[in-house]
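Me: I would like to go through this model step by step. Could we begin with the sheet?

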Amino acid sequence: MTESVVIVGGRSAAAKAARSLGFQSIVLSTPPVHPTVQKYADEAIPADFFDRWSLLSLVARWRLRPPIAAVAATEESVLPAAWLRTALRLPGLRPVGAERFRDKRHMKHWFRRNGIPCARSRRVR
């Protein structure tokens with residue numbers, strides 16, 4: 001049986017890359033799923049990955065044959081991919097780390113706190 005990877009943030013290039021490496025690709029994409037994603041993905045699932053509980057409800061379908069990875073194909077899918085990795089007990093970036101990189105104020109706070117130089121910024125309303 002071929003191992004599978006979940007690609008959050010449907011991109012046909014990511015599905016093609018997974019296939020070229022010998023993996024089955026399960027692509028989660030905001031509806032409607034683009035035709036090229038459907039063409040290259042082994043399974044294309046329309047998903048609202050901004051709704052954490054809706055996304056996590058998909059985990060049950062993979063319990064018998066879990067994927068070996070959950071990867072983000074877009075910046076906005078970094079946190080949802082981290083939620084899936086945690087639920088599926090897969091290695092990789094966890095939600096707390098993903099939030100630090102998605103929330104620029106939070107990220108810069110952690111940079112400064114740990115002595116990492118970063119550009120000055122201020123909040124705009």
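**The sheet and the helices around it**

Reply: This is a predicted model. In it, four strands form an open sheet in the order E3-E2-E1-E4, and their pairing is parallel.

Me: Which strands stand at the edges of the sheet?

Reply: The edge strands are E3 (43-46) and E4 (69-72). Each has a single partner strand, so one side of each is left without a neighbour in the sheet.

Me: How many bridges join E2 to E3?

Reply: There are four bridges between strand E2 (residues 24-29) and E3, and the two strands run parallel. Among the residues involved is Leu-28, whose bridge partner in E3 is Ile-45.

Me: What lies across E1 and E2?

Reply: Helix H1 (residues 12-20) lies across strand E1 (4-8) and E2. The direction of H1 is at about 165° to E1.

Me: Which strands does H4 touch?

Reply: H4 packs on the sheet and touches E1, E2 and E4. Its direction makes about 170° with that of E4.

Me: Let us step back to the whole chain. How many helices and strands are there?

Reply: The protein chain has six helices and four strands. Along the sequence they follow the pattern β-α-β-α-β-α-β-α-α-α.

Me: What share of the residues is buried?

Reply: Of the 125 residues in the protein chain, 35% count as buried. The accessible surface comes to about 8100 Å², and 54% of this belongs to carbon and sulfur atoms.

Me: What box do the C-alpha atoms fill?

Reply: Taken along the principal axes, the box is roughly 50 × 30 × 30 Å.

Me: Now the helix pairs. At what angle do H4 and H5 cross?

Reply: Helix H4 (residues 78-88) and helix H5 (residues 95-102) cross at roughly 175°, and their axes come within 8 Å. An angle over 145 degrees counts as roughly antiparallel, so H4 is roughly antiparallel to H5.

Me: Which residues meet there?

Reply: From H4, the residues are Val-78, Leu-79, Ala-82, Trp-83 and Thr-86. They meet Pro-95, Ala-98, Glu-99 and Arg-102 in H5. By class, this contact of H4 with H5 holds six nonpolar, one polar and two charged residues.

Me: How far apart are the axes of H5 and H6?

Reply: The axes of H5 and H6 are 5 Å apart, and the helices pack at an angle of about 100°. Angles from 65 to 115 degrees count as roughly perpendicular, and H5 and H6 are therefore roughly perpendicular to each other.

Me: What meets what in that pair?

Reply: Arg-100, Phe-101 and Arg-102 in H5 meet Lys-104, His-106, Met-107 and Trp-110 in H6. The residues of this contact of H5 with H6 divide into three nonpolar, one polar and three charged.

Me: What is Lys-108 in contact with, leaving aside its neighbours within four places in sequence?

Reply: Lys-108 is then in contact with Cys-118, Ala-119, Arg-120 and Ser-121.

How values were computed
Residues numbered from 1 in each chain as written. Predicted model: local features only at pLDDT ≥ 70, side-chain atom pairs only at ≥ 80, totals over all residues. Heavy atoms only, no water. Axes fitted to C-alpha atoms, helices over the stretch in contact; angles between N-to-C directions. Parallel < 35°, antiparallel > 145°, perpendicular 65-115°, else oblique. Contact = heavy atoms within 4.5 Å. Nonpolar A, V, L, I, M, F, W, Y, C, P; charged D, E, K, R; others polar. Pairing = 2+ DSSP bridges. Buried < 20%, exposed > 50% of the residue type's maximum accessible area, 1.4 Å probe, protein only. Areas by Shrake-Rupley, 256 points an atom, 1.4 Å probe, with all protein chains shown as cover.
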